[in-house]
Amino acid sequence: MKAVCWRGAKDVRVENVPDPKILNPRDAIVKITSTAICGSDLHLYDGFIPSMMSGDIMGHEFMGEIVELGSGVKNLSIGDRVVVPFTISCGNCYSCKTAQWSLCDNSNPNAFMAEALYGYSAAGLFGYSHIFGGYAGGQAEYARVPFADVGLYKVPEGLTDDQVLFLTDIFPTGYMAAENCNIKPGDTVAIWGCGPVGQFAIRSAFLLGAERVIAIDRFPDRLKMAKEQAGATEVINYEEVDAGEALKEMTGGRGPDSCIDAVGMEAHGTGPDYLYDQVKQAVRLETDRPTALRQVMVACGKGGTVSIPGVYGGFLDKMPFGAAFNKGLTMKMGQTHVHKYLDPLMRHIQNGDIDPSFVITHRISIDEAPQAYETFKHKKDNCIKVVIKL
Ligand code: NAD
Ligand code: ZN
């Protein structure tokens with residue numbers, strides 16, 4: 001089959017690789033119909049996540065049709081049309097039983113690597129390095145889905161791929177980011193980053209009762225989408241004005257009730273806070289870089305919440321904890337518990353509260369994927385979300 005393979009930093013290639021096979025009774029093989037490129041894939045593309053191996057298959061946002069099932073999967077059938085959460089969860093451990101699906105204790109066979117590196121381990125992820133289990137990703141014609149009985153989610157009749165594909169990751173991610181803000185009626189939420197995750201955070205903040213959402217980025221097309229399609233009440237171009245000062249002014253000096261960092265470690269003008277050199281096996285700390293997160297913590301109003309869906313890979317230094325402490329901030333973060341949001345967000349789609357396809361700017365064939373990584377990374381050609389059609 002064809003697959004998008006990682007061959008090193010800034011080097012992904014479409015290659016012919018063996019088809020996946022059922023390995024365990026709870027596996028399924030899915031023939032992929034649509035798969036997307038995520039901001040998280042850029043961390044791999046940039047070489048910031050350690051333990052990618054040459055030839056690894058990329059991609060964690062995918063859907064398609066079940067073509068093969070292990071003997072242990074009783075609740076699904078061949079031919080079912082399904083979306084695949086990017087987090088792999090067993091459904092039986094303490095974390096899964098308490099709906100903390102992205103912290104599954106059983107789905108990462110390489111947990112020891114994460115523990116050695118970071119002192120923690122979390123769930124296995126598709127297409128996301130060997131620290132997260134080394135599972136082949138979904139930017140391919142087929143994928144093996146472990147724990148298919150809890151992981152695969154059947155798509156109701158009458159919905160297109162483009163309407164449901166983002167249930168795999170970015171819609172739940174934006175939603176959980178907003179939910180973590182504990183929004184009260186009348187609240188003002190500020191959101192850094194108008195990429196796909198930021199766009200869904202904006203929409204979700206309104207679904208959860210925010211009165212005002214202020215979106216921050218530097219790309220006019222992304223700010224335009226934030227305003228016109230996601231519905232932000234105001235936008236700030238941080239290259240034109242100081243975002244922190246502007247927010248203060250817009251909120252009568254008080255600051256937003258909650259702030260979302262939908263940027264992560266590749267904040268523009270800053271680089272990653274952490275770099276792992278796979279060759280030298282060395283961890284280097286970058287201590288003085290001004291990340292979006294520092295600005296978020298300083299800008300957030302007293303008693304407010306800082307919610308962080310943006311991915312951070314290692315150490316982060318010189319955080320304004322004095323400001324956070326004195327303002328009594330709450331901080332919430334993490335990989336999304338995708339499984340928990342599938343039912344409620346599918347209902348929002350079916351009710352017509354949201355059509356998630358509004359973020360798609362590029363639909364391409366798998367052969368065009370390497371070029372699309374470059375386009376998406378550099379935000380060229382007004383690119384916001386790329387979907388690969390198979
Ligand atoms: P993206 O690269 O398309 O969007 C990031 C946006 O941030 C860009 O529009 C960029 O211009 C903007 N930005 C950069 N520096 C900024 C700054 N200093 N201030 C304000 N805006 C700034 O990526 P995306 O797909 O939207 O993903 C965003 C983040 O969410 C990434 O870090 C990604 O890894 C993460 N993510 C997390 C989860 C999760 O489970 N928590 C899931 C998916 C994605
Ligand atoms: Zn993603």
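Helices α6 and α7 are oblique to each other, a class left for angles that are not under 35 degrees (roughly parallel), over 145 (roughly antiparallel) or 65 to 115 (roughly perpendicular). The structure is a predicted model, in which local features need pLDDT of at least 70 and side-chain atom pairs count only at pLDDT 80 or more, while totals for chains, interfaces and linings use all residues. Residues are numbered from 1 along each chain as its sequence is written, and chains are lettered from A and ligands numbered from 1 in the order in which they are written.

Helix α6 covers residues 170–179 and helix α7 residues 196–207, and the two pack at an angle of about 55° with their axes 7 Å apart; helices (H or I, at least four residues) and strands (E, at least two) are DSSP runs numbered from the N terminus, and axes are lines fitted to C-alpha atoms, for helices over the stretch in contact, with angles running from 0 to 180 degrees between N-to-C directions. The crossing of α6 and α7 is right-handed, that is, the near helix is turned clockwise from the far one by less than a right angle. The contact of α6 with α7 comprises 10 nonpolar, four polar and one charged residue, with Ala, Val, Leu, Ile, Met, Phe, Trp, Tyr, Cys and Pro taken as nonpolar, Asp, Glu, Lys and Arg as charged, and the others, Gly among them, as polar.

In a second pair, helix α9 (residues 243–250) and helix α10 (residues 292–299) have axes that come within 10 Å and cross at roughly 25°, and α9 and α10 are therefore roughly parallel to each other. This crossing, too, is right-handed. Ala243, Gly244 and Leu247 of α9 meet Gln295, Val298 and Ala299 of α10, a contact with four nonpolar, two polar and no charged residues.

Around ligand 1 there are 32 residues, of which Gly39, Gly193, Gly195, Gly264 and His268 come nearest; a residue is counted as near if its C-beta atom, placed from the backbone, lies within 6 Å. Helices α6 and α7 each supply at least two residues of this shell, as do α1 (39–45) and β11 (212–217), and α1 gives the most, with four residues. By class, the shell around ligand 1 holds 16 nonpolar, 12 polar and four charged residues.

Notes:
Contact = placed C-beta atoms within 7 Å.
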